[in-house]
Amino acid sequence: MNRYLIVALLVIVAAVALYALYGTEQTASLSDFKKELSNTEKVSIVMDTRYSELTGPVMQCGISLARTIGELGKLPDNFAYEGDNCFYSKVGSMNATQNSSIKECESMLTGSVVFYIKYNSARNATSFYKSKAVIEGDGDFLNNCQLASMIGG
């Protein structure tokens, strides 16, 4: 086999291995996530109502989380994804609600601990990562929004 082909294959295998190891965010425990939350200055809540059968529970969980985060002494930036639009209010912003593209809003989340809330009738779960929590579930699960009480005080 050609030596250059072998080297190219080794480089590709190494790149794939590095991506698998570092390219995706690793899951974390609730306590690790809470440590990151307590050490951060910037917190964001994303209420993703795209593809939702029910939008009310997504928004209600976002409100519950915002209240709890506020009690921790932090003011979160709030984002609502609806269709192709993102409506947001950022801490310290003069405008109450602004409109942008979802891509632009995603770029505003950099450096933030993010709570993603999504409706999902087939899965009731919260997944933790170092800098984000993904809450997805049906109406009852999201209305209950247990994570709000789990991160409080």
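Begin by selecting helix α3: its buried residues are Pro57, Val58, Cys61, Gly62, Ser64, Leu65, Thr68 and Ile69. Here buried means under 20% relative accessible area, exposed means over 50%, and partly exposed lies in between (1.4 Å probe, protein chains only). Seen down the axis of α3, these buried residues fall within an arc of 165°, so they line one face of the helix. The arc is that of the directions from the helix axis to the C-beta atoms. An α-helix has 3.6 residues a turn, so residues three or four places apart point the same way.

The model is predicted: local features need pLDDT of at least 70 and side-chain atom pairs count only at pLDDT 80 or more, whereas totals for chains, interfaces and linings use all residues. Residues are numbered from 1 along each chain as its sequence is written, and side-chain values use heavy atoms, with hydrogens and water left out. Helices (H or I, at least four residues) and strands (E, at least two) are DSSP runs, numbered from the N terminus.

**Helix α3 and its cover**

Select residues 56-71 to show the whole of α3, which has 16 residues. From first C-alpha to last, α3 reaches 23 Å, close to the 22 Å expected at 1.5 Å a residue; the expected span is 1.5 Å times one less than the number of residues. Next, display what covers the buried residues of α3, including β1 (43-48), β5 (113-119), β7 (132-137), α5 (139-144) and α6 (146-151). After α3 comes Gly73, whose phi is positive, near 90°.

**Ile151**

Now select Ile151, in helix α6. Ile151 is buried, with a relative accessible area of 4%. Leaving aside neighbours within four places in sequence, Ile151 is in contact (heavy atoms within 4.5 Å) with Lys34, Leu37, Leu65, Thr68, Ile69, Leu72 and Phe115.

Turn to the strands, which form an open sheet of 7 with the order β4-β3-β2-β1-β5-β7-β6 and mixed pairing. At its edges stand β4 and β6 (125-128), each with a single partner strand, so one side of each is left without a neighbour in the sheet. Neighbouring strands are turned by 20° against each other on average, direction ignored. α3 packs on this sheet, touching β1, β2, β5 and β7, and its direction makes about 170° with that of β1. Axes are lines fitted to C-alpha atoms, for helices over the stretch in contact, and angles run from 0 to 180 degrees between N-to-C directions.

Two strands pair if DSSP finds at least two bridges between them. Antiparallel β2 and β3 are joined by 5 bridges, and Phe79 stands opposite Tyr88 in β3. In their hairpin, with 2 residues between the strands, Gly83 takes a positive phi near 60°.

Select β3 (residues 85-89): its covered face is Cys86 and Tyr88, and its uncovered face is Asn85, Phe87 and Ser89. With β4 (residues 98-101), β3 pairs in the antiparallel sense over 4 bridges. Cys86 stands opposite Ser100, and Asn85 opposite Ser101.

Finish at Asp77, in strand β2 (residues 77-82). Asp77 is buried, with a relative accessible area of 6%. A polar contact of 3.4 Å joins the side chains of Asp77 and Lys90. Such a contact is a pair of N or O atoms within 3.5 Å; within protein, one must be able to donate a hydrogen and the other to accept it, and residues adjacent in sequence count only if both atoms are side-chain atoms.
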